[in-house]
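I opened this notebook to record what I looked up in one structure. The entries run from the whole chain to single residues.

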Amino acid sequence: MDTTEVRSKHRFDERKLDRYLVDKIDEYPKTGSSLVVRQYSSGQSNPTFYLKKDGREFVMRKKPPGRLLKSAHQVNREFNVQSALSQTKFPVPRMFHLCQDDSIIGQGFYIMEHVEGRIFRDITLQDLPEAERQHYYHAMIHTLTKLHRVNFRQIGLQDYGKAGGYRQRQISTWTRQYLGACKQGSLERIPEMEELIAWLNANIPTDQEKTCIVHGDIRLDNVIFHPTKPKVIAVLDWELSTLGDPFTDLAYALMFYHWPKDVPSPFGSFDDVAGLPSEETLLRMYSQYTGTTYPIPNWDFYVALSFFKLASISQGVLARSVLGNNSSERAGSVGAITKGLAMVGVEIARKNSPISISMSPASEIIPIISQQPLSQKARDTLQKVKDFIRDEVMPIEEVYFRQHQASPDPWYQPPIMEELKAKAKKLGLWNLFLPSESGFTQLEYAFMAEEMGRSPIASEPFNCSPPDTGNMEVLHLYGNDAQKKKWLQPLLEGKIRSCFGMTEPQVASSDATNMECSITRDGNSYVINGRKWWTSGAGHPNCEICVLMGRTNVKGAAKHQQHSMIIVPMRAPGVKKIRPLEVFGMIDAPYGHLEIEFRDVRVPAENLILGEGRGFEIAQGRLGPGRIHHCMRLIGLAERSLSLACQRAFKRRAFNKHIAEMGVVQHQIAECRISIDQARLLVLKAAHTIDLHGTKKARKQVAMIKVVAPRMATKVIDQAIQIHGGAGVSNDFPLAAFYANARTLRIADGPDEVHLTSVALRELKDQMDKAKL
């Protein structure tokens, strides 16, 4: 057994662990005998330990000590996926207990069954007879196909990851891990990695992506075989598992067929080893078992992605070695191979692309300026959205507003909207904004949001209207199962609407920490007291809930940990709609921006989202994608305004010629076109940055577009009004309403000045980091 004494940096209180396991695991011996603890030599990530007491054997996996990269080493995910898979016939060890209390041994851990069998650290299998070697690889591939055929929904793993967009997320994730490792370990950035990042982003396959459970680190040495037979009895090391593209697993399992000769392999070398099956044999076997087309489409991309991933992992291992919290004694030698691994991916890239791409600020928007930044599914859906808006929405826009104005109730929703929603839902054009539902990236949805922005009623038929989109994202990302079932599901189905309560009339809400609305715990309830205004969507007849942000009594909490978010039913006693606020004389019915009083409003404690003091954390996750949507809709609005301006210029004559022939008008139109295209590229870059690096890393870009897009839209709409003359400010044309909407967005979600300050501070920090001041 490949174990050693517990290494000094991984030591913990073994007696405390023993006492804890006595209480928590029925099968654990209850005697006073000593617990024997040994550490496995293998493993570069989560340290693994062999436990033995009174002849009973267990295995413990725990987080490594020290400062860790965000989202890495989530032992709870390992435990959960193996527990779920144990419901099927898929070979995993039995799970006994998960502990997320750091006070027991210093880090979270879980306990599982010790499986007696063989693990081949040398994956060339040179200790086996030549004739037997191929059978072990056949068994591994067969086991992988079984995993990829598991119905993840039936075993409760539908929320274990996102459907679609996995390849893009993998590039983003490992880019963040690589850059984070460089920063943590003060390591030099590697030009080959920068080049590979750019190539991968520019060459993501455009076919429709499959979704299944992926292991994420499948290799022969992560498999336990029967003591005497080529039969897999357990698959180990599930830290990187999620829902994703099965071909990423397959390529990672077979990447050693492409291993460079000048890079030492920690797993053995395939050079001149007889008895191993060819890569083609294993690919054909996989295709046969899964019904997949052979050859595997875009195989070079998947192999390059696998080497990029392993290179990022090795850089992380090297960083941990520098910091002194690595899990394996050979971590330093593994980390040193990063450049060689990246070179394999670069060679694939150069073979498939006539141009060698170097990493630069421009490369971050390569998918935007490349020939085809969208997947085939996204392109097809975008065309359907365009067709639907042209054929279904635009022809009835005037009818919708006429029906609304004819009603004595300003909050009346014309029934024609429900007809549009039913048609869109039937076509599958539903909840397109939410990656877990649609499979689209932020970049892909951005193009659709622009089309929806062309009409003030075009978002709702697709169930993509604010503030519902933001609220659904909040509940999807941060809500618990009960909240999702009670509130998220009806929102996703379009049965109810929602509003968002944040801004308050008595304080300067541009500094959100000023919020005074109180959320006070009282037994099994929270009591809300305060007043909100500009509560968008609260006037809609189907608005059933308000996602409200207020101050909780978190003792001694930091400035940004004193506020929380909670779900408040709009029909709860004490919720009073004071008045609709007018925007340039318009109340924006039937949606509205209301002032609302919350007086002793009592809601169940389980309505609190995520936990006390987590409000700003939720808000940051909510605002990134939401601002992308706002800005792209504004671009759509500006495009329509420019179109109306050009039509007007062609039709109207003054001073014996068409307005369109006047030089000053031509210049105005040219300026509008330039401004729209500039803003679009900036917003698409921000969307792509979120896809690539996450919302937190995209804060500067998001703040930039929040300034640029509303300014651009107000300028373009104002110019269109000017070209229309007096008609432009009348209700005979939609431009006045368009302007009110665009001008409002220079204040909503934070005024320009706040975003400019944010951009400046981040730019100064970036420049200081570059100059190493």
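**Entry 1: basis.** I note that this is a predicted model, in which local features need pLDDT of at least 70 and side-chain atom pairs count only at pLDDT 80 or more, while totals for chains, interfaces and linings use all residues. Residues are numbered from 1 along each chain as its sequence is written, and side-chain values use heavy atoms, with hydrogens and water left out.

**Entry 2: overall form.** I found 23 helices and 20 strands in the protein chain; these are DSSP runs numbered from the N terminus (helices H or I, at least four residues; strands E, at least two). The radius of gyration is 29 Å, close to the 28 Å of the globule rule for 773 residues, so the chain is as compact as a globular protein of that length. That radius is taken over C-alpha atoms, and the rule is 2.2 Å times the number of residues to the power 0.38. The C-alpha trace spans about 95 × 65 × 55 Å along its principal axes. I also noted that 56% of the 773 residues count as buried (under 20% relative accessible area; exposed is over 50%, partly exposed in between; 1.4 Å probe, protein chains only).

**Entry 3: salt bridges.** I searched the whole structure and found 40 salt bridges (a side-chain nitrogen of Lys or Arg within 4 Å of a carboxyl oxygen of Asp or Glu). One of them joins Glu192 and Lys339 at 3.9 Å, N to O. Glu192 belongs to helix H5 (residues 191-202) and Lys339 to helix H10 (residues 338-352), so the pair ties together parts 147 residues apart in sequence. Glu192 is buried at 14%, whereas Lys339 is partly exposed at 48%.

I then looked up Arg219 and Asp217, whose closest N and O atoms are 2.9 Å apart in a salt bridge. Arg219 is buried at 10%, and Asp217 is buried at 8%.

**Entry 4: a surface patch.** Which residues gather in a patch of positive charge on the surface? I listed Lys89, Lys146, Arg149, Lys229 and Lys231. Patch members have over 30% relative accessible area and no salt bridge, and like charges are joined within 9 Å, each placed at NZ of Lys or CZ of Arg. Arg149 sits in the loop between helix H3 (133-148) and helix H4 (166-184) and is partly exposed, with a relative accessible area of 45%.

Conventions
Patches are made of residues with over 30% relative accessible area and no salt bridge: like charges are joined within 9 Å, nonpolar side chains (Val, Leu, Ile, Met, Phe, Trp, Tyr) within 5 Å. Accessible areas come from the Shrake-Rupley method with a 1.4 Å probe; for residues, only the protein chains shown count as cover. Lys and Arg count as positive and Asp and Glu as negative; His and the chain ends are not counted.
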